[in-house]
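Me: I'd like to learn how to read a protein model, starting from the whole and ending with single residues. Could you walk me through one?

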Amino acid sequence: MQTTTLPAGVGQNASPFLHGGEAAAIAAVLAAGQYGHGPLTERFEQSIAHYLGVEDVVAVSSGTTALVIGLQAAGIGPGDEVIVPSLTFCASVQAIVAVGAVPRFIDVDPATLCVTSDGVLGALSPDTRAVMPVLYGGRAVGLDSIRDVLDARGILLIEDAAHAFGSRTKGRMVGSTGALTCFSFDPIKNLTTGQGGAIVPRSPEEARRARSLRLFGLAQSREERASITSYAVEGPGLRSELSQINAAFGLVQLKHFSTVAAKRTHLWRTYREALSELDAALLVDVDVDRSVPFNCVVRISADQRDTVFEVMRGQGIGVGVHYPPNHSQPAFATWHRPLAVTDEIGRQILSLPFHPALSDEAAHFAVAALSRALRATS
Ligand SMILES: *Cc1c(COP(=O)(O)O)cnc(C)c1O
């Protein structure tokens, strides 16, 4: 049986990584009986803020919710245009659509799968109210050269940093650069809370709005509500808080984050070395010296990609495609525009198995299988 010879974990494209301690932390919350927003959620927020070196962090129920609340807290709403790469997880676009705003799709740099300053500049219109760069693969997106232009026009920078928890740029943590930044802590992200997300607000007022939006539009904090007989609903809001069950999970993960960061970085470098022999596969660069890599993506010939995917899947290797471009999705047809570069890249990308538990041997195994599949289908 071939499956028994596969290196462990190579069948999964991505996977959570547990350190031990998560189950006990969750069990303690279950026993204590308070499962919603609570002191542990607040401790989690403070711990993330401390780790990033920022004043405040607002924890929410998912990365998608972080983007929605981030946009709303910054005043983005119906009719506002938000520039976003087409090559991202559909959640980025759904968040823009959810607040009634208009996604303006742009291309990315094929070498990094991230937007460029020129790409953003070329897409600015009188209706542009925000730019949402996606920190693809964990790589920080440097829009410094156009920050003045954006600021002068009152255009918000809201980073989809779902891939990039722990990454750095110019010596600063992603999340501490002054942009409104949103993280995801879903099961396969660099840091997980099981499910969850966080917003790094730009001011105490933005933090206050985000906290109100995440919990029914309530004006008072948890402590304040405990000592009053009424509360004020001051604006819109749904149930989008991070539960203490998830916060407890996340606190254990955060304590051991350096282990995960080292494993991800090491694995990405192992792939880079193994792939250096393979001219038919171009590695998408994540700026590994500064980033905590989220994935490992190669570009191969568009003619071969689907067949190589099928061959490798057939061998039990967890390849994937991240992501099918959004400008061609039926739900976003209204906002379709021709994006030749993204169309091309969308047919070339292939994600290799990438998660902290994967061994060097597994990475070499995956690359050898890729090499064989490329030769067999050329
Ligand atoms: C995971 C992800 C999200 C959404 O985060 P969830 O926590 O899954 O809701 C948004 N954008 C990108 C690029 C992602 O990878």
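Reply: Happy to! Keep in mind that this is a predicted model.

Me: Let me step back to the whole chain. How many helices and strands are in the protein?

Reply: The protein has 13 helices and 12 strands. Its radius of gyration is 21 Å, close to the 21 Å that the globule rule gives for 378 residues, so the protein is as compact as a globular protein of that length. Along the principal axes, the C-alpha trace spans about 70 × 55 × 40 Å.

Me: What percentage of the residues of the protein count as buried?

Reply: The share is 54% of the 378 residues, where buried means under 20% relative accessible area. As for the surface, the protein exposes about 15800 Å², and carbon and sulfur atoms supply 53% of that area.

Me: And how do contacts along the sequence look? What share comes from residues 24 or more positions apart?

Reply: Among contacts with a separation of 6 or more, 72% are between residues 24 or more positions apart.

Me: Now to a pair of helices. What describes two packed helices?

Reply: The general idea is that two packed helices are described by the angle between their axes and the distance between the axes. Here, take α3 (residues 63-73) and α4 (residues 90-98): their axes come within 9 Å and cross at roughly 35°. The crossing of α3 past α4 is right-handed.

Me: Which residues of α3 and α4 meet?

Reply: From α3 come T64, L67, V68 and L71, and they meet A91, S92, A95, I96 and A98 of α4. Sorted by class, this contact has seven nonpolar residues, two polar ones and no charged ones.

Me: Back to the backbone, then. Which residues have a positive phi without being a glycine?

Reply: Two to look at are F216, with a phi of about 60°, and D287, also with a phi of about 60°. Both are in loops: F216 lies between α7 (204-214) and α8 (222-226), while D287 is found between β10 (282-283) and β11 (296-299).

Me: Is F216 buried, exposed or partly exposed?

Reply: F216 is partly exposed, with a relative accessible area of 34%. That value falls between the cut-offs, which are under 20% for buried and over 50% for exposed.

Notes. Residues are numbered from 1 along each chain as its sequence is written. This is a predicted model: local features need pLDDT of at least 70, side-chain atom pairs count only at pLDDT 80 or more; totals for chains, interfaces and linings use all residues. Side-chain values use heavy atoms; hydrogens and water are left out. Axes are lines fitted to C-alpha atoms, for helices over the stretch in contact, and angles run from 0 to 180 degrees between N-to-C directions. Helices (H or I, at least four residues) and strands (E, at least two) are DSSP runs, numbered from the N terminus. A crossing is left-handed if the near helix is turned anticlockwise from the far one by less than a right angle, and right-handed if clockwise. Contact means heavy atoms within 4.5 Å. Ala, Val, Leu, Ile, Met, Phe, Trp, Tyr, Cys and Pro count as nonpolar, Asp, Glu, Lys and Arg as charged, and the others, Gly among them, as polar. The radius of gyration is taken over C-alpha atoms; the globule rule is 2.2 Å times the number of residues to the power 0.38. Buried means under 20% relative accessible area, exposed over 50%, partly exposed in between (1.4 Å probe, protein chains only). Accessible areas come from the Shrake-Rupley method with a 1.4 Å probe; for residues, only the protein chains shown count as cover.
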